[in-house]
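Have the viewer open and follow along.

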Amino acid sequence: MSSFEKIPIETAEKIAQRFMKYIEPYVIKMSVAGSIRRRCWEVGDIEIVCVPKDEFSMGKAFPEGYPGLKVNGSKLKRFIYPDKKLQIELYITKLEDYGRILAIRTGSSAYSHIELALRWNRMGWCGTEDGLRRKSECIHKGNIWKIKPEYKNCPTLPPIFDTEEKFFDFLAIKWIEPAKRSWVSKHAEMNYSV
């Protein structure tokens, strides 16, 4: 969540649509996530999940020096525009993990942790930088799960989650409208591996 003042959802939606129009030639799939998708009245930042066309697409869309680009990672690009009191976060994933990342990034933080992450954890899976992997094939250090070297080239893979519905089916829970996911918890700020 950003430290900027919240803006009306209508304004946030217009900005998100302009941003998505810009990245459209570089992606095969994208969706607005976060509080916009949950239909909150006010939005603290704009979150978008996408699957790029190839490994070079995001570099073409956002070359070094792109205005406002503050975090330029391979899985997260963060744009900060202090003059507009606005932050945009672009979450980049693979098609096979798209539904899971969309669900997590839609949130809320409490919903993602309690309903999603705890459930996959109880099923014997953990979130790594490469997606869900078997806990038995990973090492847990701090708040990060990493694949053990002996499983790096042959991990047990989960099903393909190219839609949110497939991810919810995997977790054996009913898909619910994003607007019903605005859970609040005193533990909402807990860390969890995605």
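In which helix does S35 lie? S35 belongs to helix α2, which covers residues 34-37; helices here are DSSP runs of H or I with at least four residues, strands are E runs of at least two, and both are numbered from the N terminus. Before going further, a word on the ground rules: this is a predicted model, in which local features need pLDDT of at least 70 and side-chain atom pairs count only at pLDDT 80 or more, while totals for chains, interfaces and linings use all residues. Residues are numbered from 1 along each chain as its sequence is written, and side-chain values use heavy atoms, with hydrogens and water left out.

Back to S35. This residue counts as buried because its relative accessibility is 9%; buried means under 20% relative accessible area, exposed means over 50%, and partly exposed is in between, with a 1.4 Å probe and protein chains only. Setting aside neighbours within four places in sequence, S35 is in contact with C40, E42, V43, G44 and D45, where contact means heavy atoms within 4.5 Å. R39 has a positive phi of about 65° although it is not a glycine, and at 45% relative accessibility it counts as partly exposed.

Now zoom out to the whole chain. The protein chain has 6 helices and 11 strands. Its radius of gyration is 17 Å, which agrees with the value near 16 Å that a compact globule of 194 residues would have; the radius is taken over C-alpha atoms, and the globule rule is 2.2 Å times the number of residues to the power 0.38. Along the principal axes, the C-alpha atoms fill a box of roughly 45 × 40 × 30 Å. Buried residues make up 45% of the 194 residues. Of the contacts with a separation of 6 or more, 60% are between residues 24 or more positions apart. The accessible surface comes to about 10,900 Å², and 54% of it belongs to carbon and sulfur atoms; these areas come from the Shrake-Rupley method with a 1.4 Å probe, and for residues only the protein chains shown count as cover.

Next, look at strand β7. Residues 86-92 form this strand, and 7 of its 7 residues are buried, so β7 is largely enclosed by the rest of the structure. Both of its faces are covered, with L86, I88, L90 and I92 buried on one side and Q87, E89 and Y91 buried on the other. Which strands pair with β7? Strand β4 (residues 46-52) pairs with β7 in the parallel sense over 5 bridges, and pairing requires that DSSP finds at least two bridges between two strands. In that pair, C50 stands opposite I92. Strand β6 (residues 76-81) runs antiparallel to β7, joined by 6 bridges, and here L76 stands opposite Y91. The hairpin of β6 and β7 has 4 residues between the strands, and K85 takes a positive phi near 55° there.

Helix α4 is also mostly covered, with 8 of its 9 residues buried. Those residues are Y98, G99, R100, I101, L102, A103, I104 and T106. After α4 comes G107, whose phi is positive, near 70°. The peptide bond from G107 to S108 is cis, with omega near 0°, and S108 sits in the loop between α4 (98-106) and α5 (109-122).

P25, in the loop between α1 (9-23) and β2 (27-32), is partly exposed with a relative accessible area of 49%. P25 and M58 are 33 residues apart in sequence and 10 Å apart in space, C-alpha to C-alpha. L157 lies in the loop between β11 (144-147) and α6 and counts as exposed at 54% relative accessibility. Beyond neighbours within four places in sequence, L157 is in contact with W125 and R133. Finally, A172 is found in the segment after α6 (164-170); A172 has a positive phi of about 60° although it is not a glycine, and at 65% relative accessibility A172 counts as exposed.
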